[in-house]
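Welcome! Please take a moment with the sequence and the model below, and then let us walk through them together.

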Amino acid sequence: LKPVKLDYTAMAAIGGQDIEIGLAFELSKAVRGGRNIWRLITAQTSDMGSAVDTFDVDQASLLPLYRGIKQGGTTVKLDFSETEIVGKMAMGANEMPLTTKLDAPVYGSDAALELVMIALPLAPGYKTSLRTFDILTQSVKVMSLEVTGIENVTVPAGTFEAYKIELRDMSGEPGGGTIYIGTGAVRQVVRSVMQLPAMMGGGTITTDLKAVK
């Protein structure tokens, strides 16, 4: 892993409508509570508005320490430990506490989970499972991961040789998808085709790498 700035273009297909989304991703080194961390900031823009999602994860273990989301008038802040996740959701003047007890550590979801996948010893045939925390359902999900091969993928940023990864929710619920991670010395997600949860209307979102800064 190394600090990087990436631009993506995404298309969400929901209920027969296509929604174009711009994503700017930045990975940087920082310090939180005396610990060396990776800070992942994802800024999202679309006709539906904008959002900023910040993840702080431990540099060594990649386990999450903090997540903050700001979208319109709503903010979510979560602090992670190995035994619980504690935080709050604020909508204007209204606040709702959020607490989830854990029987084992979890990885983050979304960009934080992609960071974990990038760091794995990927190779065709590689399989593992990952425990993640889903912020929408406030629950722990166990995802199966399998590298099903290597393919050439063409996106706006160019053509990349990439590991093809199938990610599935082991409970059988909708979720997961196909993720392509470049095989180069500096890995990055070059394309993903992910299922959207039912509470977001179902459908899929396809994300392609647009530029490496």
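## Aromatic pairs

How many aromatic pairs does a search of the whole structure find? The search turns up two. F55 belongs to strand β4 (residues 49-58) and F80 to strand β6 (residues 74-80), so the pair ties together parts that are 25 residues apart in sequence. Before going further, please keep in mind that this is a predicted model.

F80 and F133 are both buried. Put together, F55, F80 and F133 make up one aromatic cluster.

## The nonpolar core

Now to the nonpolar side chains. The largest nonpolar core contains 54 residues, and L40, M117, L145 and I165 have the most contacts inside it. Which element gives this core its largest share? That is helix α1, which supplies seven residues. In general, nonpolar side chains in soluble globular proteins tend to be buried together.

Leaving aside neighbours within four places in sequence, M117 is in contact with L122, L130, L145, I165, L167, I179 and I181. Two of these partners, L145 and I165, are also named among the core residues with the most contacts.

## The helix

Helix α1 covers residues 111-119 and is mostly covered itself, with seven of its nine residues buried. Which residues of α1 are buried? They are A111, A112, L113, L115, V116, M117 and I118.

## A residue at the surface

For a contrast, turn to V31, which is found in strand β2 (residues 17-32). Its relative accessibility is 55%, so V31 counts as exposed, the limit being over 50%. Beyond its neighbours within four places in sequence, V31 is in contact with N36 and I37.

How far apart in space are V31 and D58? Their C-alpha atoms are 9.3 Å apart, and in sequence the two are separated by 27 residues.

## The whole protein

Stepping back, the protein has one helix and 14 strands. Along the principal axes, its C-alpha atoms fill a box of roughly 50 × 40 × 35 Å. A compact globule of 213 residues would have a radius of gyration near 17 Å, and the protein has 17 Å, so the two agree.

Of the 213 residues, 42% count as buried. The protein exposes about 10900 Å², and carbon and sulfur atoms supply 52% of that area. Among contacts between residues at least 6 apart in sequence, 36% join residues at least 24 apart.

Conventions: Residues are numbered from 1 along each chain as its sequence is written. This is a predicted model: local features need pLDDT of at least 70, side-chain atom pairs count only at pLDDT 80 or more; totals for chains, interfaces and linings use all residues. Side-chain values use heavy atoms; hydrogens and water are left out. Buried means under 20% relative accessible area, exposed over 50%, partly exposed in between (1.4 Å probe, protein chains only). Helices (H or I, at least four residues) and strands (E, at least two) are DSSP runs, numbered from the N terminus. Contact means heavy atoms within 4.5 Å. A nonpolar core is a set of buried Ala, Val, Leu, Ile, Met, Phe, Trp, Tyr and Cys residues joined through side-chain atoms within 4.5 Å. Rings of Phe, Tyr and Trp (its six-membered ring) pair if their centres lie within 6.5 Å; planes under 30 degrees apart count as stacked, over 60 as edge-to-face and the rest as tilted. The radius of gyration is taken over C-alpha atoms; the globule rule is 2.2 Å times the number of residues to the power 0.38. Accessible areas come from the Shrake-Rupley method with a 1.4 Å probe; for residues, only the protein chains shown count as cover.
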